[in-house]
Amino acid sequence: MTEEYCPHHQDGDQLVKRIAIAIVGLLIVCAIVVLLVWAILHPSKPRFLLQDVTIYAFNLSTAPHLLTSNLQITLAARNPNSRIGISYRKLDIFASYRNQQITLPTLLPTTYQGHRDFTIWSPFLYGNDVPVAPFLQAGLSADMNGGLVMLDIKVFGHVKWKVGSWISRRYQINVHCPAYISFSDRIKGFQVGSAMKYQLLQTCRVDISL
């Protein structure tokens, strides 16, 4: 027995193939357009500036090795792009000393920056009785006695780029801001109540990754 010829079945197969080819072609065109837009606009990384640090407490105890550091910082971020917006999401900021975190992370508010826009945050960072390793305690004690301590203000979170109605995938952003705190030269700091405020205007390093 021979198989009967069914033109309707063949027409259905051809229609499915055409639809699949059209969908694949549309996806390829969309991908090419996105890549071209991305290559032409070439988004630049945001720029961060640590403007100042106000120290309310910075006390080191030796037995046990505990550090209390309470401070407020002023951090500015600028979008240098003229055609691309930047959305900041889930940004955590904290202070560290020689790669050891010495304050709890503070969550910055979700922020959108338009073209060439800038944002200023002034969060408080708290670290009460934070245990430090003995070798870090010795190094910090020596730095404080020497009159200069370098802290690292770090920001970790996510960013998305926005061009018109198109929004990119999520990218990781890491920001490192060195903060040089003087414990001997009062010219660099001035009294604010019981706290000491240091004007730094320190440029930060910004890394963007997948």
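Predicted model: local features only at pLDDT ≥ 70, side-chain atom pairs only at ≥ 80, totals over all residues.

Trainee: Which residues of H2 are buried?

Mentor: Leu136, Gln137, Gly139 and Leu140 are. Buried means under 20% relative accessible area, exposed over 50%, partly exposed in between (1.4 Å probe, protein chains only). Looking down the axis of H2, the buried residues fall within an arc of 165°, so they line one face of the helix. That arc is taken from the directions from the helix axis to the C-beta atoms.

Trainee: What's on the face turned away from the buried side of H2?

Mentor: That face carries the exposed residues Pro134, Phe135, Asn145 and Gly146. As for the buried residues of H2, their cover includes strands E1 (47–61), E2 (66–78), E3 (85–97), E4 (100–101) and E9 (148–163).

Trainee: Switching to the largest nonpolar core: how many residues has it got?

Mentor: It has 41, and those with the most contacts inside it are Phe48, Leu50, Ile73, Leu75 and Ile153. A nonpolar core here is a set of buried Ala, Val, Leu, Ile, Met, Phe, Trp, Tyr and Cys residues joined through side-chain atoms within 4.5 Å.

Trainee: Which element gives the most to this core?

Mentor: E9, with 7 residues.

Trainee: What is isoleucine 73 in contact with?

Mentor: Leaving aside neighbours within four places in sequence, the partners of isoleucine 73 include Leu50, Val53, Trp121 and Ile153. Contact means heavy atoms within 4.5 Å.

Trainee: Now asparagine 70 in strand E2. Buried or exposed?

Mentor: Asparagine 70 counts as buried because its relative accessibility is 14%. The side chain of asparagine 70 reaches the backbone nitrogen of glycine 127 at 3.4 Å.

Trainee: Which side chain does the asparagine 70 side chain make a polar contact with?

Mentor: The side chain of asparagine 128, at 3.3 Å. A polar contact is a pair of N or O atoms within 3.5 Å; within protein, one must be able to donate a hydrogen and the other to accept it, and residues adjacent in sequence count only if both atoms are side-chain atoms.

Trainee: Last topic: how many aromatic pairs does the structure hold?

Mentor: There are 7. One of them is tyrosine 56 with phenylalanine 124, a tilted pair at 6.0 Å centre to centre and 40° between the planes. Rings of Phe, Tyr and Trp (its six-membered ring) pair if their centres lie within 6.5 Å; planes under 30 degrees apart count as stacked, over 60 as edge-to-face and the rest as tilted.

Trainee: Where in the chain do tyrosine 56 and phenylalanine 124 sit?

Mentor: Tyrosine 56 is in strand E1 and phenylalanine 124 in strand E8 (residues 124–131), 68 residues apart.

Terms used: Residues numbered from 1 in each chain as written. Heavy atoms only, no water. Helix = DSSP H or I, 4+ residues; strand = E, 2+ residues; numbered from the N terminus.
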